[in-house]
Amino acid sequence: MARPNVAALGGSSLVQHDLVVIGGGPAGYAAALYGAASGLDVALVEEHLLGGTCLHVGCIPAKELLETAAVLRTVQDAAEFGVGAVDGGALEPVVDLAASQARKQKVIDGLARGVASLLAGREVTVYDGTGRLGAAHVVSIDHGAGDPTLVVSEHVVLATGSSPRTIPGFEVDGTLVMTSDEVLSLDEVPDRVAVIGGGAIGCEFASMLADYGSTVTLLEAAPEILPGCDADAAKAVRRSFRKRRIDVHSGVAVAGHQPGENGTTVRYGPAGGGDGEGTELAVDLVVVAVGRRPRGDSAGLVGTRVVVDDRGFVEVDDRLRTGEHGVYAVGDVVDTPQLAHVGFAEGMFVVRDLLGESPAPLDPATVPWCIYSHPEVAFAGLTEAAAIEAGHDVVVSSHRFAGNGRAMILGEVDGLVKVVAEKDPDGRAGRILGVHLVGPWVTEQLGQGYLAVNWEATVDEVAAFIQPHPTLSELFGETVLSLTGRSLHG
Ligand code: NAI
């Protein structure tokens, strides 16, 4: 592998690489690792921590803390399985968030060491500082002190990610009002919580805090929680949340909050209905989870043809190319699903594209989605409504986990599997367009649904496969089988 060349530019040294990546989150480090694995001399510029949002204030810490919630539920339900304390009493678990946070940090540190050693192993040059792309593909790296380092490369990948969005009237102070960044460092369980926003982040936090013992109210502006999910899936989550006393209010607008001696009071009312101040809700913590803002403007870009739109996204074509030849953008900073695994795929895609391998563009409509609330949600492909809107004549089938043996054994019977298929001219179900799962471990069960959608498999093809028994994934097999016109257990 070629080592960096150093050239002179107006007195400053200019280090040359084959590929410079700005941003070391999943999308950026994937581009760097995959580029290096392809024989390129790669530089990666990161201003904070390698691993980005996903590793430090996103997927990994969130799922770690959700696992504490899962362990707590298991211990709470232990007596039902005949497991108790040595003295014959019931197990009475409590959450020690300090211990949970320490475990979380251990997992993060281990993974962060892994990313750093993979990059070192592939001889990626990691620059510590803020990278700004200017004219002629020169990236200036500001280290905070001393002279900037100047690097140049024929190919530059912008992977500057996103940060939590906030809303007027809810200034984040890290005490009464938090975004995901702060919630993931909670060291005490709050008594009463308002979660604003019922997307993936809002639902995960609502679920986690309710399990920890908080009284949770979820305030969502849209008519239903989990926008983008199939309506039946969202309804199943809502039903399950209701059983767990998570108070969900959709179609509401929040107007602001008034701190008092004891926490704060959130004002909200019907969305679009006057001043939106009809109801007051006293809480100890407000969690704002209303989406993430792309950081398109954080990599300089002065003197380039890269365009950042008014929402903060870097504009790209379907090959993730910006307006500047040789400059790509990937991950949360482009308007594709803001998911770490989409970032990985985009990072690898641009390397293949710049190498001239003509990879097929990624289809945002068929990527896998996984939400780790309790119950979990996982899906790939079109919802029933989206399929109809796209002009498909559809046939659907749903089956509930309540009838699944493994789910009963686990004591986790909330949720369903729904398969959306295209209706063939003969009226029978044909190609599988969407697979929607809610329930136990569905994030680990999505694999075959994802493959079915992306391989454009038909229900007849998938129904021919054997599902191991007893498993949760039998329910997917059963649902597909029923779409053939004959079923077994359903
Ligand atoms: P989101 O865009 O998925 O959901 C935000 C929700 O807030 C929407 O339902 C929206 O209607 C609502 N909202 C917006 N303004 C509001 C207001 N003023 N009052 C009440 N509700 C309001 O964003 P979220 O959940 O913050 O996640 C950000 C990104 O990160 C998303 O793309 C998400 O998919 C991704 N993510 C995915 C995860 C996963 O797949 N497990 C986990 C965490 C994040």
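Tutor: A residue is called buried when its relative accessible area is under 20%, exposed when it is over 50%, and partly exposed in between (1.4 Å probe, protein chains only). The model is predicted, so local features need pLDDT of at least 70 and side-chain atom pairs pLDDT 80 or more, while totals for chains, interfaces and linings use all residues. Numbering runs from 1 along each chain as its sequence is written, and side-chain values use heavy atoms, without hydrogens or water.

The structure holds 21 salt bridges, each a side-chain nitrogen of Lys or Arg within 4 Å of a carboxyl oxygen of Asp or Glu. In one of them, arginine 319 pairs with aspartate 353, and the closest N and O atoms are 2.7 Å apart. This pair links distant parts of the chain: arginine 319 is in the loop between β17 (292–294) and β18, while aspartate 353 is in helix α8, 34 residues apart. Here helices (H or I, at least four residues) and strands (E, at least two) are DSSP runs, numbered from the N terminus. Both partners, arginine 319 and aspartate 353, are buried.

Another pair consists of arginine 103 and glutamate 64, whose closest N and O atoms are 2.2 Å apart.

Elsewhere, salt bridges that share partners connect Asp230, Asp232, Lys235, Glu384 and Lys418 in one network.

These pairs may now be set against the division of the protein. There are three assigned parts: domain 1 (6–55 + 103–163 + 293–365), domain 2 (177–290) and domain 3 (375–483), with bounds that come from an automatic or database domain assignment. Between the C-alpha centres of domain 1 and domain 2 the distance is 34 Å.

The largest nonpolar core contains 47 residues, and Val21 and Leu158 have the most contacts inside it. At least two residues of this core come from each of β2 (12–22), α1 (26–37), β3 (42–46), α4, β6 (138–142), β7 (149–158), β18 (327–329) and α8 (340–354). Helix α1 contributes the most to this core, with 6 residues. Apart from this core lies another, of 37 residues, including Ala69, Val183, Met208 and Tyr212. Such a core is a set of buried Ala, Val, Leu, Ile, Met, Phe, Trp, Tyr and Cys residues joined through side-chain atoms within 4.5 Å. If residues up to four places away in sequence are left out, leucine 158 touches (heavy atoms within 4.5 Å) a set of residues that includes Ile22, Leu133, Ala299, Leu301, Val306 and Val314. Val327, Tyr328, Ala329, Val330 and Val333 are also among the residues that leucine 158 touches.

Helix α13 (residues 474–483) has 8 of its 10 residues buried, so this helix is largely enclosed by the rest of the structure. Its buried residues are Glu474, Leu475, Phe476, Gly477, Glu478, Thr479, Val480 and Leu483. They pack against β21 (394–400), β22 (416–423), β23 (429–439), α11 (442–454) and α12 (459–463). Just after α13, glycine 485 has a positive phi of about 105°.

Some features of the backbone complete the picture. Most residues other than glycine have a negative phi, and most peptide bonds are trans. The bond between histidine 469 and proline 470 is cis, with omega about -5°, and proline 470 sits in the loop between α12 and α13. The peptide bond from histidine 374 to proline 375 is likewise cis, with omega near 5°; proline 375 belongs to the loop between β19 (369–371) and β20 (376–381). Glutamate 456, in the loop between α11 and α12, has a positive phi, near 55°. Glutamate 123 also has a positive phi, near 60°, and is placed in the loop between α4 and β4 (125–128). At 38% relative accessibility, glutamate 123 counts as partly exposed.
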